[in-house]
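Visitor: I would like to learn how to read the packing of helices and cores. Please take me through an example.

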Amino acid sequence: MIYVIPAILILTIVFSTIKKASVYDGFITGAKEAIDLTVSVLPYLIGVFVMCEIFYQSGLSEKLCSLLEKPFSILGIPREAIELVLIRPISGSGSLVLTEKIFSEHGVDAYASRCASVISGCSDTVFYIVAVYLSKSKDKKSYGAIPIALFSNLIGGIFACFLCRIL
């Protein structure tokens, strides 16, 4: 296993030599493109980070959890996992902190902890992905991507809690 990366490096050099491609020039071109990508995506990422912090600090997160407790409990999502369902599309690290908090408060074998684990595994950070990928897309008519992704995350969370309940 420790030889995988050196093997890939050697195969790349051998393959590029056979194809008579300049490895160093390709590396430099890729590095330049990566810097340009980073600079162009940075404003979008800052927007996502600011949105996440405002969501926490304003108390909106707690108010939404209280509001959604009844309908989510009907769907089988425990109170402890509601905030995770709300935060996961916004922040991966924030959802990891919430998952760890649920573990420490309820133990790892509790229903809420199992739900939190599966929700974290079956969903993704929608707004981060949109900020990174769609910021470089030439197609600016992707306005339906966010609602569809959020709906998919919600359905995934509901199904995750359902599976945790029956298994």
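Visitor: At what angle do α5 and α6 pack, and how far apart are their axes?

Guide: First, this is a predicted model, in which local features need pLDDT of at least 70, side-chain atom pairs count only at pLDDT 80 or more, and totals for chains, interfaces and linings use all residues. Residues are numbered from 1 along each chain as its sequence is written, and side-chain values use heavy atoms, without hydrogens and water. Helices are DSSP runs (H or I, at least four residues), numbered from the N terminus. Axes are lines fitted to C-alpha atoms over the stretch in contact, with angles from 0 to 180 degrees between N-to-C directions. Here α5 and α6 pack at about 165°, and their axes are 9 Å apart. α5 is therefore roughly antiparallel to α6 (angles over 145 degrees count as such).

Visitor: Which residues make the contact between α5 and α6?

Guide: Contact means heavy atoms within 4.5 Å. α5 supplies T99, I102, F103 and H106, while α6 supplies A112, S113, A116, S117 and S120.

Visitor: What is in the largest nonpolar core?

Guide: In soluble globular proteins, nonpolar side chains tend to be buried together. A nonpolar core is a set of buried Ala, Val, Leu, Ile, Met, Phe, Trp, Tyr and Cys residues joined through side-chain atoms within 4.5 Å; buried means under 20% relative accessible area (1.4 Å probe, protein chains only). This core has 23 residues, and I77, I82, I119 and C161 touch the most other members. α4 gives the largest share, six residues.

Visitor: What does I77 contact, leaving aside its neighbours within four places in sequence?

Guide: The contacts of I77 beyond those neighbours are F72, I82, V85, G157, I158 and C161. A second, separate core has five residues, among them L45, V48, A131 and V132.

Technical notes. Buried means under 20% relative accessible area, exposed over 50%, partly exposed in between (1.4 Å probe, protein chains only). Helices (H or I, at least four residues) and strands (E, at least two) are DSSP runs, numbered from the N terminus. Angles under 35 degrees count as roughly parallel, over 145 as roughly antiparallel, 65 to 115 as roughly perpendicular and the rest as oblique.
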